[in-house]
Amino acid sequence: MPGRRPPILPQLPTLAPSEVATLVRALAHREPWALEALEARANEDPFDRLASYYSAGSFAVKSSIADGLLNYFTCLSPDSLEPRTEDQAGELQSALAFCATILPDLDADAAGRFLPFLGARLGSSDERQQRLAAVAISAINSLDALQELEGEAQRRHHPVWLLAPLLERRSKAAPLALFGAIIVWLDAALGDDNASTALQDGIEKMIEADPQAAVAQIEETLLELPPAQQRLLFGLIAELGITEWSLFSDIRSFVESDASTSQLSPVDLMKALQRIYSLSELEDTWADVTSSWERLIRRMPSDPVLEQKKWNYIKDFASDVAPKTSHDRFLQGLQTVLFGKPEARRSAEFLREVQREFYEAKFRPLEGTDVAVKTVTSRLRSRVATSFKHSGRTPTQLRIPTVIYAEEAYMETLRLLIAARFPDLRIIEVPGIPWDKLDSALADNECDLGLNNDDILSYDGSPDISLFRLSGPPIYKTDDFLYLANRTFLEDNDLGQKWDGESARAHCLFQHSSMERVGTAIGHLLQKGQVSVPRDTALDTKLSEFIASLGGPVDQIRRETSDVGLLDFLTGEVEMYFGGSLQTEYALRSWKGAIPLCRFSMPLEGRLFASERLAIDYPDFMNDLAAITTELHYAFHTAVPSYRTALGHMLVRRLNTALFQSSRDNVTAVAGFDQLRDALRQSPLQECRAGSRKWERWAPTGDELQKTHLRVVGGKSYEI
Amino acid sequence: MKSFEESGAFGHYTMRNLRADRFLSDAAAEDFSTVLLGHYATNDPDALRVDYLKTCYSHGLCGGEVGLAPYPLLLGRACDRSAFYNMMVRVNGVSRLTVERLLRDLERGRLTPTRQRTLRSMKMSAYPVWITWDRPSGGMNPPFSFLRSNSSYDLRCALGLPIDASVVSRRPVITFEYKSVYVSYLFRPTTADAASFTRFAVRQPPPPPDSDWFGLTVPWQDDPDNRLGGKSGYPPKLPEALHEPIRFPPDVKCETYYHMHKALP
């Protein structure tokens, strides 16, 4: 053919089979005259274009293309079948894929002619060839094809990649007999999305063929399976939305039965959790999710040992389902049911464990931590490695406190930037240093570097402490904090009629009101209830000042740690909450009884502080550190998908670890990067120019000492 | 070179593009010169074509980054549906029926979470991808909003997709719309990316250098079905660029266009 005018594809029907075979072979070998006939772009495979002519062609065209392909396959030399170069392998794979594409359109006899060749390729040592051959065989409608695949599955001990072709072939032969195959492969499909999709397709085909028989078959076997397989199968069925499934009604009757007399057996518990999980994956079933959780919790045993066992099962179940779900409605249902009641304090510890297991499993790196770290640090390294020159000494380690506030995400990002710039520097996270004790921790050499609100340190600082502060634009700025109130409490005090359902949660009740009006309302509410505020923080002082200035009852302020204060609010022990943004975001997200009352104006600036020892001993390093902070905004906000996903996973995991290690009273957890960013929206990172930040010696002096006095005695200072 | 240029449509359009191509990298331009000069004495158009295409394949995506800042928000890709199915089978090792089912559910917004995860794990292409966007809105509007009818014919005409046989021109076209954030870089198209595709043309006359950032499609003026003739400026020339192969983005939208004559409301 080369050397004369090549045919153009529309002439295909007029070509003799041998000419079509020549063309197909030439395409497989990427011969230019054949490519020209296709007008292929550099980014097109010639068989892609041929597929479009095949699909548009008449029966005669299809037959001649199929004949040509078969002719090409049968003429391949043994060397071509076990290619040694990438190009050779690509040519054969293209032809095999094209074969798999066209076979569904051929009748059994025409397609069956390919089986000997494809069967031989199934036994090839090249994995791509094996897979494409299996896919092609699955399109041949004959018992021989099925036997070929079954035999290979047994020989290779049921490899996951054979599952989809095998089920596809079987579904054409006898859809209702599919379930036997599905059961065999369940174990191999655990944690494999492609295999799970094949199973789901198989189940769908069974149900399409005969819904009643299919459901009866599944129900009969489902409860005999090991828990992990049960959950996989149950989840796949639930996603298909087969709500008329009778097992659902069995479980529904279980959860709706009288709680006082029936015993919650392990099987009951398993069934109820399966149902809740399935419902939580469906749309418009929120009421069912919460009512199912409510009934389950009501039936938990009172015996502590038995209760602990049941909660352990719930914990394991949560851990198992977390990676499979893209949201956390399963967990939210439990939170909603537990919060708002006094007995929630007893369940809080269990809830905390369930949350810990759920989020740890959800954010467990799928491909290992190193991949996420590598993705993030490689990008950050490209930002910081070329920007700064550093010739002086570098410390061997840097100790940075961890905190249980949203700002920890900024510090973790800074840690990553530092690690990218100084790969040999050991960064040690120091837990347990209270937010307001950073100054003394730096002075006592318990840590080297920390983030804090400038004015908090000034309130609490001692005049003889000398620290270093990063001057220039602050790391972040905060304008205000949300003040929360209990929905029932507001309704009882005639503030409930002003909103309609969910709208109150989207906007503050006093959205555009003056602070005077807000103060009057808060003063009024404090006559009837208490507010919890994190003790020894600027929030405490500010709120006390505000209430005192309006002549309100300052003794109604309950000062606790952030963890205890939030739990007091969520369990209804106090009626209002004024705390950190992470805790506030969690309360709003996990309990519908939390209502944002107002945005309480409170300008704060977040700055970095360092110990005197670090600043004096390593001046060059400190200059570098100042320069690195100008990259924080980029590092946190850049939207490159792979980087954003990796950073989000790392930050959420890091923050959850810090939260769950903080205290036994903590229930706060972060559900995802978006939630974390929501919490940080009120404290946005500040962009700044290179060189605009410098370290300077800093100590609380002058007027700030006066504030220190007020700060130490908190709200009571107004009475002195 | 002259004999190559006069050897047919391929040689003619190739030489026209090579002379005008401003986006070709220096290395690619040098390699093309070497190939053309190397075959000066041989007078063997077939051998020249072989070497020319090899050079094209080794210089994909050499046109430099599209200089638009920000990038168009929404990108569009359109392919002949059958060709796309074949690519999916080859690249992802799944059956055509699986691909058809996944894309049907994607188009109807009915993908189960499990199937969604599977689709997102699949490659959307094996090679660099030609894309377009809505030029009047700077990529804010959907990329194919220029269409006056939901016919695959109009789309093929606008993009210069194969339309050379009446049977193929009537085959469905599958389109994808996704956000540019899922793409690392957009590249300017070059003659090397076009290879033997004669429907590619270097943008002429060149726009001012500060806005010379992408190519333009070559709509079919000959309009084989004689359906669009007479409508001035329709279908419009669409901007075109390329990006590296990606997997299915999370919020990708899919739509199939069939050959029909129903006008859009």
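Which residues of helix α7 (residues 113–120) of chain B are buried? The views below answer this and show two other regions of a predicted model.

Residues are numbered from 1 along each chain as its sequence is written, and chains are lettered from A in the order in which they are written. Local features need pLDDT of at least 70 and side-chain atom pairs count only at pLDDT 80 or more, while totals for chains, interfaces and linings use all residues.

**View 1. The buried side of α7(B).** T114(B), R115(B), T118(B) and L119(B) are buried (20 or more other C-beta atoms, placed from the backbone, lie within 10 Å of the residue's own). They lie on the same side of α7(B), because they cover an arc of only 135° around the axis (taken from the directions from the helix axis to the C-beta atoms). Their cover includes α13 and α15 of chain A and α6 (96–108) of chain B. Helices are DSSP runs of H or I of at least four residues, and strands are runs of E of at least two, numbered from the N terminus.

**View 2. The contact between chains A and B.** Chain A gives 51 residues and chain B gives 49 residues (contact: C-beta atoms, placed from the backbone, within 7 Å). On the side of chain A that touches chain B, α3(A) supplies the largest share, eight residues.

**View 3. An open sheet in chain B.** Three strands run in the order β2-β5-β4, with antiparallel pairing (at least two DSSP bridges between two strands). β2 (129–131) and β4 (215–216) of chain B are at the edges, each with a single partner strand, so one side of each has no neighbour in the sheet. Three bridges join β2(B) to β5(B) (residues 239–243). W130(B) is opposite L242(B) in β5(B).

Note on methods. Contact = placed C-beta atoms within 7 Å. Buried ≥ 20, exposed ≤ 12 C-beta atoms within 10 Å, placed from the backbone.
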